4 protein chains.
Amino acid sequence: MFFNIDPTNGLAIYDQIGRQVKFAVADEALCPGDLVPSVRELAKQLAVNPNTVARAYRELQSEQVLAGVRGTGLQVTPGAPQLCRDQRETLLGHRLRSVLLEARRSGLSDDELRKLVDDELSHLFAGGKSK
Amino acid sequence: MFFNIDPTNGLAIYDQIGRQVKFAVADEALCPGDLVPSVRELAKQLAVNPNTVARAYRELQSEQVLAGVRGTGLQVTPGAPQLCRDQRETLLGHRLRSVLLEARRSGLSDDELRKLVDDELSHLFAGGKSK
Amino acid sequence: MFFNIDPTNGLAIYDQIGRQVKFAVADEALCPGDLVPSVRELAKQLAVNPNTVARAYRELQSEQVLAGVRGTGLQVTPGAPQLCRDQRETLLGHRLRSVLLEARRSGLSDDELRKLVDDELSHLFAGGKSK
Amino acid sequence: MFFNIDPTNGLAIYDQIGRQVKFAVADEALCPGDLVPSVRELAKQLAVNPNTVARAYRELQSEQVLAGVRGTGLQVTPGAPQLCRDQRETLLGHRLRSVLLEARRSGLSDDELRKLVDDELSHLFAGGKSK
DNA sequence: GTGGTCTAGACCACC
DNA sequence: GTGGTCTAGACCACG
């Protein structure tokens, strides 16, 4: 699948999983009715403890992003796309603002900061798809 | 002083303090020989436990950014500016890359992502100094 | 286990713990991949506060002697044996030199000093293993 | 004078001063009736705070090693030589035992340990007087 | 006043 | 169960 986790980026692993599920829904990589990977499968894939995945899924259920279907697994709810698209910019914006604020306060000039952002963006896009 | 902490940004408080000290040194807001605020004073100012500040300062000492002058306080070392400038882009870049990567993978297009960054940047610079 | 601390020997407890871990690694009593005792267990065994053990372990991690395995414990790193053997004589030599220097300056003659050392050595070896 | 302090050897500075005064008395470098250096002079010489020297002297007075003579200074008491000679081996032996014990437990063999001691002894005696 | 060390005990993330 | 973080508050050494 499309998930990857970074244990050093400050965010809790279960939180990273939850965010990535939401982003996948926002991106229509996951659509209403789709089944998310099983706890055990995703845990193996991410080299993470199943409890951690279970916790992420549990919280996504309580946010109505996922819903359990007995004996089948967890599937994306009909309302999830709207909800996830709405949250996307908020979730990303908060983290982004935090790091930009720190950078700003570190004394980088506007130009240096924009250059740093551009460098990182081009590194990212060099190897990635461009939608 | 110039520090502020955000308990919700994922980074441990002691780490935020350490980074901000380094950034202040990189920005020449703190220069070799300057005394950093006392453990107790900074703790009070940040509404944080003195041990948390002490831990940040201890790690800065072990990184040779600060040096203790017995009974007097902790002083920025002569080598600190170089060291902190060298680390600045690495420290910021790592966090920045992490959030950009997440944003990228969330399905935002290049344009949407750049727009998000620009929005945040302009919000920041609206109220801040411009070096 | 093999640790014991002496609160009256001048060294901070966390430092004594750190040194003894390194010495155990140098002595191959702890090998790469071995888990060190848990913070809580060692704290109980040494009748010491868990935070004190945690501090020792944290510093050993920052020296690359230990590495954390999430939810499992702390493990001796592959590079630790070399590193610890290299440090052993330095760490011991420094303390030894300090006390010998003091003895020397106290006016003991060579012979008295050597005799004092020999006495202590034989007391130690009377009850200890001989490798 | 004959004192020197090592802020890194674990012993408190005031303790190092006290021990060295006692050792000087044991060694007859200081004799009953001799005045020890004034607090301010010794403090300047050792680059140490006068309060620290004062504390060392205060404790030596309470141990009857020094006695104050109004308007004159502190002088070595008649009983001091006996007392200091008696304490010498105890004080040194305790520190020595502590470091030898640590070395012993670090897995050094008898031979390696004796060699380490001999090395340090010869380094010391290379540059020092031999009584 | 300063920092350094230690204790006691809480809560969190993860296995 | 594990380690990590933080709080609250004590005592010590030193200026």
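## Where two chains meet

Across the interface of chain A and chain B there are 13 residue pairs in polar contact, both residues at pLDDT 80 or more. A polar contact here is a pair of N or O atoms within 3.5 Å; within protein, one must be able to donate a hydrogen and the other to accept it, and residues adjacent in sequence count only if both atoms are side-chain atoms.

Before you click further, some housekeeping: this is a predicted model, where local features need pLDDT of at least 70, side-chain atom pairs count only at pLDDT 80 or more, and totals for chains, interfaces and linings use all residues. Residues are numbered from 1 along each chain as its sequence is written, chains are lettered from A and ligands numbered from 1 in the order in which they are written, and side-chain values use heavy atoms, with hydrogens and water left out.

Now select chains A and B together. The area buried between chain A and chain B is about 4,500 Å², and carbon and sulfur atoms give 58% of that. Buried area is the accessible area (1.4 Å probe) that two parts lose on being put together, summed over both.

The term covers a side-chain nitrogen of Lys or Arg within 4 Å of a carboxyl oxygen of Asp or Glu. There are 8 salt bridges between chain A and chain B.

Next, pick R19(A) and E102(B). This salt bridge has its closest N and O atoms 2.6 Å apart. R19(A) lies in helix 1 of chain A and E102(B) in helix 4 (residues 80-105) of chain B, so the pair joins two chains.

## Chain A by itself

Hide everything but chain A and switch to cartoon. What do you see in the way of secondary structure? Chain A has 5 helices and 2 strands, in the order α-α-α-β-β-α-α along the sequence. Helices (H or I, at least four residues) and strands (E, at least two) are DSSP runs, numbered from the N terminus. The C-alpha trace of chain A spans about 55 × 30 × 25 Å along its principal axes.

Strand 1 (residues 66-69) and strand 2 (residues 73-76) of chain A run antiparallel, joined by 4 bridges; strands pair if DSSP finds at least two bridges between them. G68(A) sits opposite L74(A). There are 3 residues between the strands, and G71(A) in the turn has a positive phi of about 75°.

## Along DNA strand E

A residue is near a molecule or strand if one of its heavy atoms lies within 4 Å of it. Sugar and phosphate make up 71% of the atoms of DNA strand E that come within 4 Å of the protein.

- R40(B): a polar side-chain atom lies 2.8 Å from a base nitrogen of DNA strand E.
- R55(C): a polar side-chain atom lies 2.9 Å from a phosphate oxygen of DNA strand E.
- V39(B): a polar backbone atom is 3.0 Å from a phosphate oxygen of DNA strand E.

By class, the surface near DNA strand E has 9 nonpolar, 14 polar and 4 charged residues.

## Last stop: DNA strand F

Select DNA strand F, with 26 residues around it; the closest are I13(B), N51(B), R70(B), I13(D) and N49(D). Finish on R55(B), where a polar side-chain atom lies 3.0 Å from a phosphate oxygen of DNA strand F.

Note on methods: Nonpolar A, V, L, I, M, F, W, Y, C, P; charged D, E, K, R; others polar.
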